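Welcome, and please open your viewer. We will go from stop to stop, selecting a few residues each time and looking at what is there.

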Amino acid sequence: MASMAQSPIPFTENLALKPTASDLLRSLTNGVCGVPLKSLGRSQLGAKRRDFAITAKVRKVKRHEYPWPEDPDLNVKGGVLSHLSPFKPLKEKPKPVTLDFEKPLLDLQKKIVDVQKMANETGLDFTDQIISLENKYQQALKDLYTHLTPIQRVNIARHPNRPTFLDHVFNITEKFVELHGDRAGYDDPAIVTGLGTINGRSYMFMGHQKGRNTKENIQRNFGMPTPHGYRKALRMMYYADHHGFPIITFIDTPGAYADLKSEELGQGEAIAQNLRTMFGLKVPIISIVMGEGGSGGALAIGCANKLLMLENAVFYVASPEACAAILWKTAKASPKAAEKLKITATELTKLQICDGVIPEPLGGAHADSYWTSQQIKTAIVESMDELFKMDTETLLKHRAQKFRKLGGFQEGIPIDPKRKVNMKMKEEPIVPISKTSELELKDEVEKLKLQILEASKSSAERPETGLKEMIAKLEREIDYEYDEAAKAIGMEDNILMLREEVAKGRNLSDQLAHPALKEKIEQMKEEFAKNLPSAPNYPSLVYKLQMLKELSKALNFSKKSTDKDELKLEINKKFSELVDRPDVKQKIEVLKAEIENSEIDSNPELKEKVMQLKGELESEIKGVLTSVGLQVVSSRPETVAKINAFDQEINVVIDNVVNSSDLKERIELLKAEVEKAGNRPDEDSKSKIQALTAEIKEAISDAISSSELKEKHERLAAEILEASKNGSLAKENTEDSLVHQSGN
């Protein structure tokens with residue numbers, strides 16, 4: 001505003017006798033203070049005829065529009081002052097920001113823009129192509145945002161264009177007036193408080209306010225409050241509690257500001273006061289996590305009856321980067337930490353920390369902030385309607401119980417091991433590699449063999465656990481022997497260099513190593529195998545390898561024997577059921593009585609009855625064996641020879657397929673993936689291993705299912721069936737002839 005100057009006012013001898021406003025001015029020029037001008041005497045002023053002027057200047061200041069708009073419309077419903085806040089819409093549209101995982105969508109966007117540009121330049125109709133590309137883009141966007149990982153949701157929650165607290169408040173309220181200050185001389189801009197109305201009902205709003213650009217973020221301290229902010233929120237809580245206003249808090253902060261000044265001013269004490277006070281407020285409280293809720297800085301305004309979260313919001317006690325730096329000593333492990341912390345809205349709802357998830361549009365809340373705000377409004381109204389039905393005592397108990405039940409357990413009930421979650425993975429115990437004497441190993445192996453032999457004789461359970469432990473011990477011993485042999489023949493350094501080269505050559509696409517590298521590996525294997533017999537510990541290594549081979553066979557036999565034992569038990573059970581059947585029992589008892597009373601040789605009818613019962617029992621037994629998946633075939637030598645020949649042919653086909661270049665590469669890749677995954681593979685490694693295993697099985701199955709082998713199998717099955725029929729007929733004829741001979 002320009003400076004304003006008043007015209008000089010002359011003072012002469014004709015001035016009125018009574019004091020005027022000018023007389024009461026202090027005369028600073030002559031050093032006289034507090035004396036009226038007329039008391040100085042007219043003669044003195046009149047004698048010198050001194051004229052002087054008083055001028056007033058207004059200091060230039062920046063024009064402040066708050067809270068009045070430039071062009072107020074008196075006809076606006078509710079008055080022109082509906083939202084009293086210095087928060088104004090941005091003059092410039094924020095620049096679009098693409099997150100790393102969204103970059104694949106940029107190609108489709110670029111194609112759509114290029115086609116539209118071509119259509120505008122050429123005048124041709126590319127509507128179908130544009131619609132097709134837009135459909136592809138929407139589908140890709142949907143696929144991406146319906147399968148977000150926890151760390152991707154963290155990045156969306158931190159998006160620079162994400163709607164802020166005041167953006168949502170202005171979208172959901174009819175009226176809003178911002179309230180400032182903690183009544184101790186400070187007003188923290190990182191926390192904003194104010195009164196507003198939704199559907200005619202008044203609420204106290206308070207929340208963390210981030211900036212929409214760099215300048216605002218610096219002003220708002222990136223949404224990290226100082227103790228003054230929490231004390232301002234505390235003052236408004238008391239105000240709302242006194243006047244009966246329900247409280248709605250919006251959480252979006254990385255955490256409380258942790259500088260030296262804040263600690264000196266009592267940051268922890270301010271947060272603690274808020275926590276204690278919120279549990280005693282007699283009005284309903286709803287908290288909404290709209291971005292990231294970090295530690296105590298979020299909880300200081302989050303002790304509510306209901307905690308709601310936006311779909312892509314996160315709520316944590318420590319950021320994924322901080323957690324990864326503590327547990328894994330590197331912030332690069334933040335994706336793993338985000339998954340283990342269970343910080344997303346879905347996970348927290350399962351843990352009963354969050355009471356509801358508010359949906360967001362595809363692309364995040366910044367894709368359509370108004371729609372997101374309306375979803376928040378709907379959730380607030382529904383939750384408040386539920387809370388308003390409670391009386392004061394019930395409301396306080398409801399709020400206390402919400403937090404008391406978190407992490408609860410009941411003594412005496414064992415916890416499912418699958419539900420036990422540790423923040424840090426248990427490290428596997430490092431077993432020191434030390435050489436065991438051959439005599440000790442031999443004694444242990446002999447004892448184990450004796451146990452297996454005794455178990456097989458008594459049909460007891462084989463010591464499979466002991467077998468596995470001994471095999472693991474032998475494998476460690478063999479690794480030790482190989483290391484010692486490599487040192488003895490002077491190849492240790494070459495092997496280490498080759499290992500480093502292989503590790504560097506492993507690329508992200510999980511392709512096999514370069515052919516030159518594979519050739520180096522083969523050459524190293526040949527050289528090592530050639531020089532190995534010259535190592536001093538070679539005999540010990542060979543002996544341990546033989547023992548490992550024997551025990552591995554015993555373990556495989558044990559597994560097969562277990563399957564056989566189960567099959568035997570099932571067959572015996574079926575036979576017992578067959579023999580215990582009343583009709584079969586009756587037939588056998590009647591036949592036994594007839595045989596005891598008469599001679600079988602002199603009674604042809606009795607012989608016929610015996611043969612008839614035998615045929616019936618054989619048929620029943622054959623049915624029992626077929627029911628458990630067994631096929632009854634002739635045991636003649638020529639039949640067995642044909643089956644063995646067919647088995648050998650199938651094995652040759654499988655060997656040819658396995659040794660083919662394509663499948664061999666897949667098997668090598670599977671071995672590398674299993675070795676890379678180790679004892680505790682992650683989900684990605686598991687899926688790759690399963691996919692490779694399925695491919696290998698499918699290739700072998702396709703080879704076995706060839707038309708030629710199928711025809712041979714069908715022909716062999718028909719021959720065996722025919723032979724078994726002929727065999728049974730021949731057997732019957734032989735038995736008949738023997739009976740006749742004995743009768744004669």
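The tour below visits the cores, a pair of crossing helices and two further helices.

**Before you start.** This is a predicted model, in which local features need pLDDT of at least 70, side-chain atom pairs count only at pLDDT 80 or more, and totals for chains, interfaces and linings use all residues. Residues are numbered from 1 along each chain as its sequence is written, and side-chain values use heavy atoms, with hydrogens and water left out.

**Stop 1: the cores.** Select F205, I247, I248, F250, I288 and I380, the residues with the most contacts inside the largest nonpolar core, which has 55 residues. A nonpolar core here is a set of buried Ala, Val, Leu, Ile, Met, Phe, Trp, Tyr and Cys residues joined through side-chain atoms within 4.5 Å. Buried means under 20% relative accessible area, exposed over 50%, and partly exposed in between, using a 1.4 Å probe and protein chains only.

Leaving aside neighbours within four places in sequence, I380 is in contact with I172, I198, I248, F250, I286 and I288; contact means heavy atoms within 4.5 Å. Another core, of 22 residues, lies apart from the largest one and includes I489, M491, L498 and A535.

**Stop 2: two crossing helices.** Show helix α5 (residues 165-172) and helix α14 (residues 369-388), whose axes come within 9 Å and cross at roughly 70°. Helices are DSSP runs (H or I, at least four residues), numbered from the N terminus. The axes are lines fitted to C-alpha atoms over the stretch in contact, with angles from 0 to 180 degrees between N-to-C directions. α5 and α14 are therefore roughly perpendicular, a label for angles of 65 to 115 degrees.

Which residues of α5 meet α14? They are D167, H168, N171 and I172, and their partners in α14 include Y370, I376 and I380.

**Stop 3: helix α7.** Select residues 227-243. The 17 residues of α7 should span 24 Å at 1.5 Å a residue, and the end C-alpha atoms are 24 Å apart, which agrees; the expected span is 1.5 Å times one less than the number of residues. Among the buried residues of α7 are Y230, L234, M237 and A240. After α7 comes G244, with a positive phi near 80°.

Terms used. Parallel < 35°, antiparallel > 145°, perpendicular 65-115°, else oblique.
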